[in-house]
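Please read it with the structure open alongside.

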Amino acid sequence: MTAYVVRRLLMLVPVFLAVSVVIFLIIHLIPGDPVDNLIKIGSGPEQRAAIVARYGLDRSLPEQYLIWLAGLVRGDLGTAIVAQRPVSTLIAQALPHSLALGGLSLLVSAGVGIVLGAVAMRYRDGPIDQAIMGGVLLGSTLPTFWLGLLMILLFSVVLGWFPVSGARTWSSLVLPVLTIGLAGTALVVRVTRIAMIEAAQKDFVLLLHAKGLPPSRIRLRHVLRHALTPVVTILALRIGWILGGAVTVEVVFARPGLGTLLIKALNQHDYPVVQACLLMLAMAVMLGTLVGDILQAAIDPRVRANLK
Amino acid sequence: MGLLEVDRLSVGIGRLTLLEEIAFEVDRGEILGLVGESGSGKSLTALAIAGLLPLIGARVTAGAIRFDNTDLTRLDESRLRKFRGRRIAFITQNPMTALDPLQPIGEQVDVVARLHLGLTADVARSRTIEILTQLRIPEAATIYRQYPHQLSGGMKQRVVIAMALAGEPDLIVADEPTTALDVTVQAQIIHLLTSLVRERGLALVLITHDMGVVAQCCDRVAVLYAGRLAEQQGVNALFATPAHPYTHALIDCIPKDGMARDSLTGIAGSVPSVAHFPPGCRFHPRCIGRQSVCETNVPGATALPGGVVSCHFPLNGDQRHG
């Protein structure tokens, strides 16, 4: 198992390199450059050339890439061209907020989603199932930013339970986490329910009943366990999405975070910041997939057997 | 009166009747063979005895299943569970899919004794290893910790049998326990089941479509066709003087020594599906001895010296078709 994890981590290195090339090229393919945001109105071509030279933007793309990569290897993400601060400082400020929001949202989707999915499966086709699945349909079709606004209106403005925006206190996390978490919950409910219905039709479940085991125990210890495999896959895929895709929610709740930082940097063509943000998101996706695979192996002995 | 008495049992799904008036008995130390082609209702009968019909959305519509003088069809689910796995054990058709792939073998056997006999984890464990050893599973202590995918088909079926024995049952219902196995392993498993019945005085309902297996180990045979009982007799009488043309045709399908190549016979046609059961005797479209009455009237049960047959024109020893 340890050998497997080490091997998987090593396999991330080439993926990481490929991703870094793609990220670097994409950002440089976008028309415009950060210099436009820096030079004062009325400055001449010489001043522009000086700034371009200062940030190495006059060199060829491969050269610029290698300089960036060399910095990365040393742990140096460079200096933000427009913001004029070390990129690592900007990331260090944004990342904890994103991790808290993303991590908690993931926990909410997983916890609430699996419980509701199992309940819906238990009362399949009955009123409880239909109520849950109706709520799920609503939850997955509502745009998150709109849901966020509605929540602010109800819980902050009308009821006054939670702050409207910001990230100063833990209570300011509640609404954004619920907003993102609900969308994920809808997905997890559906996958859990379907996977459990499918697993309940397997042969071995019949034999479990024949052994005289109580149905509730069969559902929780056997059927649900089988259903967790696809659920874990879905959740692992969402890790990266939640870290970066939370940007609309971050904007609605005026929260700092990777998403907000990325959008701002993109608008200013601040290459080093954009590259660093995208790299963080790519790494989140890669690590998320890895965690998902490790969990699969923990659940299923057949997966473990294939690792050797 | 037998340990298990299936009395004019009918089973249905929705408005369809799948089984009609099935009747047979099994006593301790006895093996009843339940035979018939696919679709004749053998597995459904097994599920009915184990009280598992609700799982497939079916229910008992008439008749009784008396087990040790208790009518199982009248018990609610929680009281039925006290029988299931404890006094009535079930062995399914395909050992490849019968075990939970995510749980170690040992735990799957342990749970029966822990649940029904109230054994502690340690006692259940040593008992499981003992049962596995009795079933001639080599290195039972190692197998105990292994997962189903690490075992061969024959080994898995032995584990399924161990699960059945763990509750110290009085009756085992085995639904084609050897169909999915290699021929050599088939013989071992049949031998194993037979010796369990003889040594421990269990009752066994052995569902099979293999007439060879029936001849080899069963005491009595019930032949099902399209959801009805065609014939029930002691095994020797059944093979010597089959009374139902269907039984006769099934016996004719067994390959015999000295048969010429390509002379293997079959029964023309196939078992009709529930929605297309013919009127009258359900076997009449495939019966070579049919008369016009067979097409309209359902044959009643006629008593034989040691059994019963449902046919308007039952065969006797000297008047055989074919």
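## The nonpolar core

A nonpolar core is a set of buried Ala, Val, Leu, Ile, Met, Phe, Trp, Tyr and Cys residues joined through C-beta atoms within 7 Å, where a residue is buried if 20 or more other C-beta atoms lie within 10 Å of its own, exposed if 12 or fewer, and partly exposed in between, with the C-beta atoms placed from the backbone.

Two residues are in contact if their C-beta atoms, placed from the backbone, lie within 7 Å. Apart from residues up to four places away in sequence, A:Cys277 touches A:Leu258, A:Leu261, A:Leu262 and A:Ala265.

## Basis and confidence

Residues are numbered from 1 along each chain as its sequence is written, while chains are lettered from A and ligands numbered from 1 in the order in which they are written. Because the model is predicted, local features need pLDDT of at least 70 and side-chain atom pairs count only at pLDDT 80 or more, whereas totals for chains, interfaces and linings use all residues.

The pLDDT is the predictor's confidence in each residue, on a scale from 0 to 100. Chain A averages 84, with 98% of the residues scoring at least 70, and chain B has a mean of 87, with 96% of its residues at 70 or more. Within chain A, the element with the lowest mean pLDDT (72) is helix H2, residues 35–38, and the one with the highest (91) is helix H9, residues 203–210. For the complex, the predictor gives an ipTM of 0.88 and a pTM of 0.82.

## Chain A

Helices and strands are taken as DSSP runs (H or I, at least four residues, for helices; E, at least two, for strands), numbered from the N terminus. By this assignment chain A has 14 helices and zero strands, and its C-alpha trace spans about 85 × 60 × 30 Å along the principal axes. Of its 308 residues, 34% count as buried, and among contacts between residues at least 6 apart in sequence, 72% join residues at least 24 apart.

Helix H5 (residues 87–122) and helix H8 (residues 171–200) of chain A have axes that come within 6 Å and cross at roughly 35°, the axes being lines fitted to C-alpha atoms over the stretch in contact and the angles running from 0 to 180 degrees between N-to-C directions.

## Where the chains meet

At the interface, 23 residues of chain B are in contact with 19 residues of chain A. Helix H3 (95–98) and helix H4 (105–116) of chain B each supply at least two residues of the side of chain B that touches chain A, and the largest share of that side, four residues, comes from H4(B). By class, this side of chain B has 13 nonpolar, six polar and four charged residues.

## Local features of chain B

Helix H1 of chain B, residues 42–49, is mostly covered, with seven of its eight residues buried; among them are B:Lys42, B:Leu44 and B:Ile49. Just after H1(B), B:Gly51 takes a positive phi of about 70°.

B:Glu25 is found in strand E2 (residues 16–26) of chain B and is partly exposed, with 18 other C-beta atoms within 10 Å. Leaving aside neighbours within four places in sequence, B:Glu25 is in contact with B:Gly2, B:Leu4 and B:Glu5. B:Glu25 and B:Gly234 are 209 residues apart in sequence and 11 Å apart in space, C-alpha to C-alpha.

Most residues other than glycine have a negative phi. A:His269, which is not a glycine, has a positive phi of about 55°; A:His269 lies in the loop between helix H12 (258–267) and helix H13 (271–299) of chain A and is buried, with 20 other C-beta atoms within 10 Å.

B:Asn69 also has a positive value, with phi near 70°, and its place is in the loop between strand E4 (59–67) and strand E5 (70–71) of chain B. B:Asn69 counts as exposed because it has 8 C-beta neighbours inside 10 Å.

How values were computed:
Nonpolar A, V, L, I, M, F, W, Y, C, P; charged D, E, K, R; others polar.
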